[in-house]
Structures are given as structure tokens and as C-alpha cells.
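Here is a friendly look at the inner spaces and ring contacts of one structure. Have the model open as you read.

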Amino acid sequence: MIAEKATHVSTPEAANGTRAAARTGRAVLVTEPGSLSVVPVDVPAPGPCEVLVRIAWCGICGSDREVLAGTRPAQFVRYPVVPGHEWSGTVAAVGEGVDPALVGKRVVGEGIRPSSANPASVEGDVDGSTTDYEETGFTLPGGWSDYLLLPSNLLHVLPDDADLRAAAGIEPAACVAEAVLLADLTVGSKVAVIGAGALGLLAAQLLKGAGAEVTVLHHNDSREELARRCGAAHYGVSGTAEEDGLFGTFDAVIEAAGAPGVARLATRLGRPGARVVLTGIPGEDADDLSSLELVTSQVHVLTVFGAPTRAWAYAVRAFKQGILDPSVIVTHEFGIEQAEEALALLGDRSSGALKVLLHP
């Protein structure tokens with residue numbers, strides 16, 4: 001169980017006295033790998049061009065487990081940190097230069113902060129030097145808290161009646177939305193999705209909405225019913241893809257499993273000229289991609305790390321239109337004080353947990 005500490009923490013700005021604390025709240029703080037606790041926090045008032053969001057729901061991702069375990073690459077995390085990059089909420093306050101009409105609006109928001117020094121970032125592309133990397137929930141305070149402070153230009157406003165529980169899944173959907181955009185599909189394109197976890201199932205929804213014929217491949221048959229609910233026309237077991245005659249048959253392949261060896265499988269599934277988009281980060285680098293196979297098969301390999309603004313816009317639009325419904329993959333909900341229990345459940349393969357949400 002998590003022990004609530006008596007000490008308060010605040011942002012560096014508040015600690016320096018440059019921004020007065022307007023509220024108090026709670027947050028899940030990972031001070032270092034293996035050390036997690038719920039702490040009271042002083043919540044600063046939003047500064048110029050900032051908004052303060054009251055968090056409604058926040059998802060738990062495999063990368064959050066990496067933060068606690070200490071296995072996330074060092075350039076992509078900074079301790080101590082409040083995790084949480086998959087969140088939804090309501091604007092509680094705005095700073096100078098922000099439209100007051102935003103107060104009360106239901107919102108989600110981008111996590112990776114673009115750098116004005118990086119021309120690619122100005123265009124909405126999050127690719128760039130890792131020395132510029134800053135992201136909510138990894139190097140900056142995240143959504144496992146009562147309140148979240150962030151720049152107003154990262155917000156995406158939802159309809160007044162939006163289901164905020166479902167909307168917490170828009171962030172992972174935005175990541176695979178970028179994969180869908182990179183796949184450059186046409187109506188009727190045959191697309192394979194490897195992995196029937198949260199990312200793969202959200203990708204299936206978006207692909208179905210784009211008019212693709214979707215085949216979901218998973219390491220076992222446990223997710224077939226859910227994959228078909230999410231838009232899969234076909235379902236198969238990834239380990240038997242070759243004997244099932246699937247190699248070289250797809251116009252595009254989206255890899256969303258993040259397991260060793262899956263990248264090579266993805267490239268073998270594509271027909272000549274296919275676009276193969278890799279989104280998963282395996283725990284160990286053992287994919288052994290073959291340049292001989294890549295060149296002779298003429299597949300085009302692309303990658304996704306996070307979601308640029310165009311992908312967020314795509315996912316939010318799909319959510320508003322009812323094409324994207326992340327609620328169907330939610331299996332468990334916990335209060336914020338149960339974060340440690342929720343993380344343990346997600347790490348238990350026998351639990352059946354798929355998408356786990358926290359709520360203040």
C-alpha cells in the first residue's frame with residue numbers, strides 16, 4: 001500500500017516564489033526508481049499562456065511502469081516526477097493571455113513540448129534531438145494528480161458532453177493515429193496490426209474508420225472478440241503468420257506490440273512497396289532486421305515516437321465523430337491513492353488487465 005507523506009512538494013517556480021500557490025491537491029510522486037508515494041502538493045496558479053486542468057481520468061501505460069522500474073532510457077525521464085501522460089480533464093483556471101471562456105471546458109492535451117529551436121517541431125513534428133525532449137509525465141509533472149499545469153496551446157477542446165473516462169484514451173490513440181497517417185492508406189487497403197494491446201486495438205478502430213480492411217495479429221487468441229469489436233475483419237496468431245500464408249500480403253503494417261522480434265515480422269508481412277510503421281519499444285533490442293530482406297522486399301520502414309499535432313487533431317476528430325471509442329478497452333479503474341496497486345495489476349499477465357485508469 002502507498003503511504004501518504006506529510007511533506008509538501010511544489011513546482012520549481014512556486015518554490016522560488018515566482019508564482020503563488022492557488023490550491024492544494026495530491027499527486028503520485030516517483031522520487032527515484034522503485035519509490036512511489038502519494039503526496040500533498042501546492043498547486044500554482046497558471047502563468048501567462050498557461051492553463052490549470054482539473055484531472056478527471058488518467059491512464060496507465062507500459063512506459064509508466066518503466067518509470068517506476070527505472071528501465072526507461074535515461075534521456076526520456078527525469079526524477080523526481082509525477083507520471084501520467086494519458087489524461088482528460090476540465091479547465092479550472094487560465095493565465096494571462098488565455099481565453100477565459102476555456103474555464104469549464106472538457107479537454108485533453110499534448111504531452112511532448114515542441115522546441116522553437118527545432119524547425120521540425122515548429123511544423124508539429126516531435127522528431128528531433130533528445131536533448132530537447134520534454135514531456136508531461138516523464139520530465140515534467142503529469143496527470144497522476146488532482147491538477148495539471150500546461151501551456152494552453154497544447155490543449156484540444158472536446159464537446160461539452162464528452163465522456164472524459166473515454167477521452168483519457170485519446171493520447172495513445174494519437175500515437176497510433178500518426179502511424180495511420182504515415183501508412184498513407186486508401187479505402188480498401190489491406191492493413192495488418194501486430195499486437196492486440198491498447199495501441200493495437202485503438203489502431204484497429206482508426207483504420208476501420210479510414211476504410212481499411214484490418215487484420216489483427218496477436219501472440220494468442222485471447223483478444224479476438226475484442227479485436228473484432230474494434231474493427232478487425234480478420235484475426236490471427238502472430239506466431240503462425242508464415243504458415244497461414246500472410247507474408248508479403250499487406251499494403252501496410254502497423255507494429256504495436258513492442259516485443260523483441262516483432263519488427264522483423266512486420267517487415268515480412270508487407271508486400272513489395274508496403275509501408276511498415278513501427279511504434280513499439282521492446283524491452284531488449286533483439287529484432288535483427290535484415291537489410292537483405294528490406295531491400296529485396298522493397299518495403300518502406302517508418303517509426304513513431306509520440307504524436308505530433310496533426311495526429312492529435314486526427315484522433316480528436318475521430319473521437320468526436322464516434323469512430324474512436326477508447327472506453328471499450330478499459331478493464332480496471334482505481335483511485336489515485338491506489339496507483340501502486342494499479343501498476344502491479346497491469347504488470348500481472350494473468351489479471352486480464354488491458355487499459356487501467358486512475359481518477360482523483
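## Cavities

The second largest cavity has a volume of about 50 Å³. A cavity is a set of points on a 1 Å grid over the protein atoms alone where a 1.4 Å probe fits but cannot get out, and its lining residues have an atom within 4 Å of a point. Volume here is the space filled by probe spheres set on the points, which are joined across faces, edges and corners.

This is a predicted model, in which local features need pLDDT of at least 70 and side-chain atom pairs pLDDT 80 or more, while totals for chains, interfaces and linings use all residues. Residues are numbered from 1 along each chain as its sequence is written, and side-chain values use heavy atoms, without hydrogens or water.

Among the residues lining the second largest cavity are Arg165, Pro172, Leu202 and Lys355. The largest cavity has a volume of about 60 Å³, and its lining includes His85, Glu135, Glu171 and Trp312.

## An aromatic cluster

Phe76, Tyr133 and Phe305 form one aromatic cluster. Rings of Phe, Tyr and Trp (its six-membered ring) pair if their centres lie within 6.5 Å; planes under 30 degrees apart count as stacked, over 60 as edge-to-face and the rest as tilted.

The structure holds 3 aromatic pairs. One of them joins Phe76 and Tyr133 edge-to-face, at 4.9 Å centre to centre and 90° between the planes. Phe76 is buried (under 20% relative accessible area), at 14%, and Tyr133 is buried too, at 9%. The rings of Phe76 and Phe305 have centres 5.0 Å apart and planes at 40°, so this pair is tilted.

Definitions and conventions. On a 1 Å grid over the protein atoms alone, a cavity is a set of points where a 1.4 Å probe fits but cannot get out, and a pocket is an open set with protein on both sides within 12 Å along at least five of seven lines; lining residues have an atom within 4 Å of a point. Buried means under 20% relative accessible area, exposed over 50%, partly exposed in between (1.4 Å probe, protein chains only).
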